[in-house]
Each structure stands twice: as C-alpha cells, then as structure tokens.
Amino acid sequence: RTIDGLSVARTKTTAPQSASHVTVLQNHANLQVLILSACEIFMRNLAIPPNFLLPGTIVNAPMKGWLGLTRHFAIVTNKHGSDGLPIVVANSRASGGPAEELWTKFTEGQPHERAYYPSELPPELVLYNAYGMFGTRYNLIMWNCEHFVNACHGLRPTSGQVTGFALAAVIGGLAIAVARS
C-alpha cells in the first residue's frame with residue numbers, strides 16, 4: 001500500500017488481537033531510501049568545486065571545438081598547481097599519452113560537468129595505476145581519455161563516446177543506404 005508516495009509494508013502482529021499494523025521500521029527505511037535518492041539526484045547535478053575533489057576522482061569537461069558533443073576525462077591527483085587548483089592526469093592527443101595537466105588546461109576554461117568515483121579501489125591505487133600508464137600512446141579509437149580513466153579504476157577500458165559515435169555512423173550509413181534504394 002502507498003501513503004503519501006511511500007510504500008508501507010503491513011505485517012501481522014503476534015498480539016492476541018492479530019490486527020495488522022504499519023511497520024514503523026519499514027516506513028523509516030523507505031524514508032531513508034527516498035532521502036538518499038533525492039540527495040543522489042541533487043548531487044548528480046551539483047558541480048563540486050575543484051578544490052574539494054578527492055584524489056582518484058574522475059572528472060570530465062566539454063571539449064572546445066567539438067560542438068559540445070565530446071567530453072575530456074581525467075583523474076584528479078593529490079597535487080595542486082600554483083593557482084591552488086588540482087593537477088589531473090589525462091590521456092590526450094596533445095600530450096601523446098597520459099600526462100599531468102593543470103586544471104585550467106584540462107578544462108579549457110569550461111566548468112567541469114561531472115565528478116565521480118566508479119570503483120572501490122583506494123585513491124592511492126587509482127593514482128598508482130594512472131602514473132603506471134605513462135608511456136602508453138594515445139589512440140582516439142582504442143586508447144583515449146575515457147579508456148584511460150576506466151583502466152585507472154581497474155575497470156574495462158571502454159569509451160562510451162567512441163561506441164556512441166560508431167553506432168551513429170552505422171545508423172547513418174544504413175539510413176543513407178535505405179534512402180538510395
């Protein structure tokens with residue numbers, strides 16, 4: 001049953017009258033889940049100031065010159081530049097592979113859009129992985145910034161952006177083929 005949008009569980013009491021009653025603990029647990037869900041939704045859209053980002057956190061920012069279609073990904077380090085902003089490790093075409101970048105270079109003056117920590121690895125291990133990948137070569141399709149940050153967290157090195165663009169190209173090609181036939 002639902003009361004004011006909350007799911008309410010009913011249980012049989014062991015009292016002699018055997019009347020059903022609303023379980024207070026269930027109401028409390030449901031309310032906690034609702035509050036946590038509301039906080040998660042709120043925080044998902046909340047820009048965390050760069051100075052408050054923890055080492056190992058993945059951040060992304062829009063890339064200039066790509067019509068807002070692409071994002072650049074990096075790992076926050078435990079170092080800070082002379083401007084007080086964090087230094088990140090990013091895999092980019094400009095550096096030819098993973099390298100440290102100042103926050104302002106990484107964001108290109110744009111606000112970062114998202115900050116998240118997708119694994120249970122401790123920050124020290126994420127950073128160890130990141131620095132251990134120095135010397136690898138950037139490749140837009142097989143080893144870009146998104147592949148890199150996932151690998152740093154011990155996840156499968158994938159890029160949703162590459163997958164999305166490939167899928168769009170296939171669908172576009174099929175649409176053109178159908179239109180020509």
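Start with glutamate 108, in the loop that runs between helix H2 (103–107) and strand E9 (114–116). Keep in mind that you're looking at a predicted model. Check the backbone here: phi is positive, about 50°, even though glutamate 108 is not a glycine. As for cover, glutamate 108 counts as partly exposed, with 36% relative accessibility.

Now head for the inside. Select Ile58, Phe73, Ile75, Met133, Phe148, Val149 and Cys152: within the largest nonpolar core, which has 15 residues, these touch the most other members. Colour by element next, and you'll find that strand E6 (71–80), H3 and H4 each supply two or more residues to this core. H4 is the top contributor, with five.

Zoom in on phenylalanine 73. What is it in contact with, once neighbours within four places in sequence are left aside? The list is Ile58, Val59, Asn60, Ala90, Phe106, Tyr116, Cys145, Glu146, Val149 and Gln161.

There's another core to pick out, lying apart from the largest one: it has 10 residues, including Val59, Ala61, Ala74 and Val88.

Last stop, back out to the surface. Select Leu140, Ile141 and Met142, which make up a nonpolar patch with about 320 Å² of accessible area together. To place it, find leucine 140 in the loop between helix H3 (123–132) and helix H4 (145–152). Leucine 140 has a relative accessible area of 47%, so it is partly exposed.

Notes. Residues numbered from 1 in each chain as written. Predicted model: local features only at pLDDT ≥ 70, side-chain atom pairs only at ≥ 80, totals over all residues. Heavy atoms only, no water. Patch = residues over 30% accessible without salt bridge, like charges linked within 9 Å, V, L, I, M, F, W, Y side chains within 5 Å. Areas by Shrake-Rupley, 256 points an atom, 1.4 Å probe, with all protein chains shown as cover. Salt bridge = Lys/Arg side-chain N within 4 Å of Asp/Glu carboxyl O. Helix = DSSP H or I, 4+ residues; strand = E, 2+ residues; numbered from the N terminus. Buried < 20%, exposed > 50% of the residue type's maximum accessible area, 1.4 Å probe, protein only. Core = buried A, V, L, I, M, F, W, Y, C linked by side-chain atoms within 4.5 Å. Contact = heavy atoms within 4.5 Å.
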